[in-house]
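These are my notebook entries on what I looked up, written for a reader who is new to protein structures.

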Amino acid sequence: MAALAEEQTEVAVKLEPEGPPTLLPPQAGDGAGEGSGGTTNNGPNGGGGNVAASSSTGGDGGTPKLTVAVSTAAPAGAAPVPAAAPEAGAPHDRQTLLAVLQFLRQSNLREAEEALRREARLLEEAVAGSGAPGEVDSVGAEVASALLSRVTASAPGPAAPDPPGTGTSGVTAVSGSASGPAAPGKVGSVAVEDQPDVSAVLSAYSQQGDPTMYEEYYSGLKHFIECSLDCHRAELSQLFYPLFVHMYLELVYNQHENEAKSFFERFHGDQECYYQDDLRVLSSLTKKEHMKGNETMLDFRTSKFVLRISRDSYQLLKRHLQEKQNNQIWNIVQEHLYIDIFDGMPRSKQQIDAMVGSLAGEAKREANKSKVFFGLLKEPEIEVPLDDEDEEGENEEGKPKKKKPKKDSIGSKSKKQDPNAPPQNRIPLPELKDSDKLDKIMNMKETTKRVRLGPDCLPSICFYTFLNAYQGLTAVDVTDDSSLIAGGFADSTVRVWSVTPKKLRSVKQASDLSLIDKESDDVLERIMDEKTASELKILYGHSGPVYGASFSPDRLWATDHYQPLRIFAGHLADVNCTRFHPNSNYVATGSADRTVRLWDVLNGNCVRIFTGHKGPIHSLTFSPNGRFLATGATDGRVLLWDIGHGLMVGELKGHTDTVCSLRFSRDGEILASGSMDNTVRLWDAIKAFEDLETDDFTTATGHINLPENSQELLLGTYMTKSTPVVHLHFTRRNLVLAAGAYSPQ
């Protein structure tokens, strides 16, 4: 049930003057995307006490109302006796009791009314006064909570579900929240923690309609969608997969194993190909006991599947379900789906396919509306001395070089503050040490010798092949100055190689260090033991495969803490890759739930959710200017994202296997991608990001228009003999370094 707005909530207990209470049909504006919704989980006619609840914010922006209807049915000649009568002293309990007594009177259940009134010791005048509208309407959210907690829903039965909008004595049980979005741990009238108890989560499947009708319900909706207009068909077809999963799980949970098997075999082939891995997991859940230990099922159940649909398509769907009285499907739509409704033309099949595929559907538009400071911080200005070789060196012809005029300072990437950059003190960065300044000076000197890349000037590629790794290479990283390369292996070791003539050395023993002059200029060289020099060092310490290796950046902080400073929780599956934003204010993560998330380091909030990949994400990289993000996954696609607007702006197709590594060139003009298909591909990043459609309509609705042929952006493809590309790196002069382990055929 969708959450109500965070404002004062009124509860109106509406009772019909004659006949049984009716559950209000879904009205315009009650979709989940509009901030409200209702659920109907029907019990058998003539069952015990039941509760129906629905909510709507209305179209006028007024105060939301929670409408509660209560019905009871007793055997002929028997008066139901309440299990416990509330104390009349508590104000909200008194209001609840008055509402129940009024309902009993309206339903001509005199014996039950008198028994309850006698036990509660209430006067007839108090009951008569309960009919005043002001008294009942003034009941707050606490009354609804008390009422729902005192009346339990009837047990499930074989009766067919009641159509939406009809008044029957079969009633629904559901609880709503008056503040914030519906918590994933909120199931029926049972409140659980954020990490839901399995039995509480599964209890939502305990009430269902006639199991023999499920195939008819689903096939009826399928026929309706396939016969609808082309403009609506693509959007409404998004309903097939989540409805299929939830209807199957309901059948399994309620131990209708034969019906569940028949339902799965008939309709699983109709689902999109990128859900096949999930369907294989689902097919293994054939008994109620299997569901309790399955994380995939638990994730699917506790997170509402998000669908983005135009208002016209949504109204068409709602009208069809009401006319056909297809209560079972409407229940699932209201309880398990979040329909993000937008105004405007429906999206095309191509636009929808580009954005769907994750474990929980698309991202809500609200999730990508937070402001993101994607600009770069202004670097501190550092004086760069000129070397003698720069001043007096000779060129190839033997003539002396012209002296270059000495610049006052370089190092700030922009003389002006980037308007999109975060405040300089938003995250306290440590001051640069002398060693950091020396490294930056070397970086700046290398920058002056950098090759400017482009379509007419592609980089050279140097490939490092790990031999005799026997498929044990699990991670690779290269230092920023390209002097060291490290590999993580399945045998728990980390091996570090020097890729320059300078060998790796250990520090001298403590007795030898005491003899060194600590004031000398070359003290860092003197403390190293030349006897230990070698090209390779092996690091031991792990007790399992090393899945990640990374050299420390030039500005590292908070290393004196043993506890994590931030925990970014939100992914529904394993996190496979992470990457800091160039301004250090954000962290991007790629997950097996097929989503990419951007987290704010300052407060730990998720500020962007990107969906569109059809497989687990394995690589991430930011553009040097911080505005764009490139992601690669097992689907072989490279997707490009505009961080500021929260939109997909490009799709690069060409790889035939998992994209394991992505890197932008130092100037941001070329994007390199490495894959398990043994190729390195170079893409024209400048052309990919030019003339982007980021107007207000595109941002609000997600009507992205990707180029039909990404091969126009492909600048070159470079194949290895039989080595998957695990890692890519651009040196400071824009040479590409690639690495991977040889895999014999």
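I looked up how β8 is joined to strand β28 (residues 736-741), and I found six bridges between the two, which run parallel. I keep in mind that this is a predicted model. As a reminder to myself, strands of a sheet pair through backbone hydrogen bonds, either parallel or antiparallel.

**Entry: a sheet of four strands**

I then turned to an open sheet of four strands, whose order is β9-β10-β11-β14 and whose pairing is antiparallel. Here β9 (473-478) and β14 stand at the edges with a single partner strand each, so one side of each lacks a neighbour in the sheet. From one strand to the next, the twist averages 20 degrees. I counted five bridges in the antiparallel pairing of β9 with strand β10 (residues 484-489), and I saw that Leu473 stands opposite Phe489 in β10.

**Entry: a nonpolar patch**

Tyr540 lies in the loop between β14 (536-539) and β15 (575-580). Is Tyr540 buried or exposed? Its relative accessibility is 66%, so Tyr540 counts as exposed, the cut-off being over 50%. Together with Leu536 and Ile538, Tyr540 forms a nonpolar patch on the surface, and the accessible area of these residues together is about 300 Å².

**Entry: a hairpin**

I next followed β17 and β18, which form a hairpin with five residues between them, and in the turn Gly604 has a positive phi of about 80 degrees. Strand β17 (residues 595-600) pairs with β18 in the antiparallel sense over five bridges, and Val596 stands opposite Phe610 in β18. Because five of the six residues of strand β18 (residues 606-611) are buried, this strand is largely enclosed by the rest of the structure.

**Entry: cysteines**

How many disulfides does the structure hold? I found zero disulfides.

How values were computed. Residues are numbered from 1 along each chain as its sequence is written. This is a predicted model: local features need pLDDT of at least 70, side-chain atom pairs count only at pLDDT 80 or more; totals for chains, interfaces and linings use all residues. Side-chain values use heavy atoms; hydrogens and water are left out. A disulfide is a pair of cysteine sulfur atoms within 2.5 Å. Two strands pair if DSSP finds at least two bridges between them. Buried means under 20% relative accessible area, exposed over 50%, partly exposed in between (1.4 Å probe, protein chains only). Patches are made of residues with over 30% relative accessible area and no salt bridge: like charges are joined within 9 Å, nonpolar side chains (Val, Leu, Ile, Met, Phe, Trp, Tyr) within 5 Å. Accessible areas come from the Shrake-Rupley method with a 1.4 Å probe; for residues, only the protein chains shown count as cover. A salt bridge is a side-chain nitrogen of Lys or Arg within 4 Å of a carboxyl oxygen of Asp or Glu. Axes are lines fitted to C-alpha atoms, for helices over the stretch in contact, and angles run from 0 to 180 degrees between N-to-C directions.
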